Amino acid sequence: MGRFDRRVAVITGAARGIGFGIARRFSSEGASVAILDLDESAAQEAAGRLELTDGARAIGVGCDVVDSAAAEAAVQRVVDELGGIHILVNNAGVTRDNLLFKMTEEDWDMVMGVHLKGVFNMTKSAQSRFVEQKYGKILNLSSVSALGNRGQANYSAAKMGIQGLTRTLGIELGPYGITANAIAPGFIVTEMTDATARRLKMEPEELQRLNAEATPVRRVGQPEDIAAAAAFLCSDDASFITGQTLYVDGGRKLG
């Protein structure tokens, strides 16, 4: 039996990158998976690429997590089509990097909206189902940028906010059989970090090399590294862990 047999996992922003890596790991361990993404066609295509165990299903759902009505509708659709919800992974994210004096109000509001309001909307919709069944796992994606990063005042603030929100969820929801934790990834090879490299006018491979050299384990991370941590924190093996943020960064922030 897989760790997630007969479990339904909802993962936002999962059409690619870290989110898809988590979806693939969960499905390999028996979960039925709902991939949520702003682009429904991309979500459906990604769901179709998952390798499912017997009896499990996967669907792709279009959802703007900043819209509370859309979040509620997406969760209800998952319950209707997959028969329930047991795990919520809040992974949807966006960057609008710039130095503070160049950052616009729109840059600030968009990043705060997707990362903080999005987590609030999705969690509020899921928790009502979790409370009723006295069971639920919430995992929020933070970042090492929460500790501060040049050119990311908006992103850093949002990602540290997620850590505070996660601690509060642990306190409020623990009595109802619900755990809430966060993962703070370091440098992970994704389309987003490739775009960062090009914005810095270098090839992605060069940015990866520089980050590997600055990391104690001397390599960069892959989506599978985050997925492995997510699988533990969302499993019953982690039932006595809540309100915590796990830094998965190869030791980059130790120094």
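# Exercises on helix packing and backbone angles

Lys-201 sits in the loop between α6 (191-199) and α7 (204-213), where helices (H or I, at least four residues) and strands (E, at least two) are DSSP runs numbered from the N terminus. The model is predicted, so local features need pLDDT of at least 70 and side-chain atom pairs count only at pLDDT 80 or more, while totals for chains, interfaces and linings use all residues. Residues are numbered from 1 along each chain as its sequence is written, and side-chain values use heavy atoms, with hydrogens and water left out.

**Exercise 1.** Determine how α6 and α7 pack.

Solution. Step one: the angle is about 100 degrees and the axes are 8 Å apart; axes are lines fitted to C-alpha atoms, for helices over the stretch in contact, and angles run from 0 to 180 degrees between N-to-C directions. Step two: α6 is therefore roughly perpendicular to α7 (under 35 degrees is roughly parallel, over 145 roughly antiparallel, 65 to 115 roughly perpendicular, the rest oblique). Step three: Thr-193, Asp-194, Thr-196, Ala-197 and Arg-198 of α6 make the contact with Pro-204, Leu-207 and Gln-208 of α7, contact meaning heavy atoms within 4.5 Å. Step four: these residues divide into three nonpolar, three polar and two charged (Ala, Val, Leu, Ile, Met, Phe, Trp, Tyr, Cys and Pro are nonpolar; Asp, Glu, Lys and Arg charged; the others, Gly among them, polar).

**Exercise 2.** Describe the packing of α4 (residues 105-133) and α5 (residues 153-173).

Solution. Step one: the two helices pack at about 15 degrees, with axes 8 Å apart. Step two: α4 and α5 are therefore roughly parallel to each other. Step four: the contact includes Trp-108, Met-112 and Leu-116 of α4 and Tyr-155, Ile-162 and Leu-165 of α5. Step five: the contact residues comprise 13 nonpolar, five polar and two charged.

**Exercise 3.** Characterise the backbone and exposure of Arg-6 and Lys-201.

Solution. Step one: most residues other than glycine have a negative phi. Step two: Arg-6, in the segment before β1 (8-12), has a positive phi near 65 degrees. Step three: phi of Lys-201 is also positive, near 65 degrees. Step four: Arg-6 counts as exposed because its relative accessibility is 68%, and Lys-201 counts as exposed at 77% (buried is under 20% relative accessible area, exposed over 50%, partly exposed in between; 1.4 Å probe, protein chains only).
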